[in-house]
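The following exercises are to be worked through with the sequence and the coordinates at hand. Each task is followed by a solution in steps.

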Amino acid sequence: MQLDNTAALVTGGASGLGAATAKALAGHGARVFAVDLEDAVGKAPEVTGVSYLAADVTDPGQVRAAVGAAAGAGVPLRTVVNCAGIGPSMRILGKKGVHDLALYAKVVQVNLIGTFNVLALAAEAVAETDADEHGQRGVVVNTASIAAYDGQIGQAAYSSSKGGVVGLTLPAARDLAQYGIRVCTIAPGIVETPMLATVSEDFRASLAAGVPFPQRLARPEEYAQLVLTIVGHDYLNGETIRMDGALRMAPR
């Protein structure tokens with residue numbers, strides 16, 4: 001599928017994986033609409049070809065408005081990338097007691113339900129576009145995590161939410177096949193994102209040392225590169241791809 005003269009929607013697009021993806025898609029000719037929370041949008045860098053929209057992925061009305069902006073750009077909406085997510089940690093039983101149920105629900109609400117909300121509402125708009133000569137209308141790329149498979153201590157909520165994204169991938173691809181829409185998921189390992197900016201260099205080095213090869217943290221641009229590959233590879237569908245340097249997480 002071609003990106004030139006098409007529109008793309010990227011959630012979590014103001015920083016990290018989303019910002020790198022928005023920039024990469026714009027660099028390949030797409031008109032990109034980067035969605036993020038209002039505070040994040042206000043701090044986002046200016047990137048040629050990228051427009052920023054403030055929206056909460058868990059709010060159907062706000063997502064529908066963002067999708068409408070992308071779908072009304074004058075070129076067909078073809079690419080949707082879900083990068084928005086949160087990752088707080090808490091043990092099921094800890095020193096302060098039982099895992100906070102509200103926190104668990106919030107993580108699932110943002111990471112899983114938010115992903116589904118964007119996928120469904122964007123697919124509705126993509127399905128209304130004219131198909132290309134191969135019957136294709138678009139592709140949705142979701143973001144899981146290797147925590148979906150190798151969840152660590154304190155990651156019950158996060159792993160549950162990302163495991164849900166993995167489980168969503170195949171049925172979503174099957175549901176949307178009749179509309180010419182593909183669905184894939186990327187499960188990154190440890191990526192050098194703003195979430196790691198607050199930890200020490202020694203701690204980052206210890207994380208990198210655990211990766212078999214290449215022995216370093218992944219870069220957001222590598223995630224974006226994989227998104228471009230999925231978009232351009234028409235036979236990739238219904239698949240979750242690990243991007244982790246062969247890392248398998250230890251319990252802690």
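**Exercise 1. A threonine in a strand**

In which strand does T185 lie? Classify its accessibility and list its contacts.

Solution. The model is a predicted one.

Step 1. T185 belongs to strand β8, which comprises residues 181–188.

Step 2. The relative accessibility of T185 is 0%. Buried means under 20% relative accessible area, so T185 counts as buried.

Step 3. The side chain of T185 makes a polar contact of 2.6 Å with the side chain of T169.

Step 4. When neighbours within four places in sequence are set aside, the contacts of T185 are N142, T143, A144, V165, T169, E239, T240 and I241.

**Exercise 2. A threonine in a loop**

Locate T193, and determine whether it is buried or exposed.

Solution. 

Step 1. T193 is placed in the loop between β8 and α7 (201–209).

Step 2. With a relative accessible area of 13%, T193 is buried.

Step 3. Apart from neighbours within four places in sequence, T193 is in contact with L17 and P220. P220 is also one of the buried residues of α8, the helix examined in Exercise 4.

**Exercise 3. Helix α3 and the largest cavity**

Describe the span, the buried face and the N-terminal cap of α3, then identify which residues line the largest cavity.

Solution. 

Step 1. Helix α3 runs over residues 60–71, 12 residues in total. The distance from its first C-alpha to its last is 16 Å, close to the 16 Å expected at 1.5 Å a residue.

Step 2. V63, A66, V67 and A70 are the buried residues of α3. Viewed down the axis of α3, these buried residues fall within an arc of 100°, so they line one face of the helix.

Step 3. The elements against which the buried residues of α3 pack are β1 (7–11), β2 (31–36), β3 (50–54), β4 (77–82) and α4 (101–126).

Step 4. The N-terminal end of α3 is capped by D59, with a side-chain oxygen 2.9 Å from the backbone nitrogen of G61.

Step 5. The structure holds one cavity of 30 Å³ or more. The largest cavity contains about 40 Å³ of space, and its lining consists of L9, T11, V35, A55, V57, V63, A66 and V118. Two or more lining residues come from each of β1 and α3.

**Exercise 4. Helix α8 and the second largest pocket**

Which residues of α8 are buried, and which elements give two or more residues to the lining of the second largest pocket?

Solution. 

Step 1. α8 (220–232) has 13 residues and reaches 19 Å between its first and last C-alpha, close to the 18 Å expected at 1.5 Å a residue.

Step 2. The buried residues of α8 are P220, Y223, A224, L226, V227, I230 and V231. Seen down the axis of α8, they fall within an arc of 160°, so they line one face of the helix.

Step 3. E221 and Q225, on the other side of α8, are exposed. The buried residues of α8 are covered by elements including α1, β4, β7 (138–143), β8 and β9 (240–243).

Step 4. The second largest pocket holds about 180 Å³ of space. Its lining has 13 residues, and G16, A19, A20, K23 and E221 lie nearest its centre. The elements that give two or more residues to this lining are α1 (16–27), β3 and α8. The largest share, five residues, is supplied by α1.

**Exercise 5. Backbone geometry**

Which residues does a cis peptide bond join, and what is phi of N5 and of A246?

Solution. 

Step 1. Most residues other than glycine have a negative phi, and most peptide bonds are trans.

Step 2. F213 and P214 are joined by a cis peptide bond with omega of about -5°. P214 is located in the loop between α7 and α8.

Step 3. N5 has a positive phi, near 60°. N5 is in the segment before β1 and is exposed, at 54% relative accessible area.

Step 4. A246 has a positive phi near 70°. A246 is in the segment after β9 and is partly exposed, at 47% relative accessible area.

Key
Residues numbered from 1 in each chain as written. Predicted model: local features only at pLDDT ≥ 70, side-chain atom pairs only at ≥ 80, totals over all residues. Heavy atoms only, no water. Helix = DSSP H or I, 4+ residues; strand = E, 2+ residues; numbered from the N terminus. Expected span 1.5 Å × (residues − 1). Buried < 20%, exposed > 50% of the residue type's maximum accessible area, 1.4 Å probe, protein only. Arc of directions from axis to C-beta. Contact = heavy atoms within 4.5 Å. Polar contact = N/O pair within 3.5 Å; in protein donor to acceptor, adjacent residues only side chain to side chain. 1 Å grid on protein atoms, 1.4 Å probe; cavity = no way out; pocket = protein on both sides within 12 Å on 5 of 7 lines; lining within 4 Å. Points joined across faces, edges and corners; volume = space filled by probe spheres on them.
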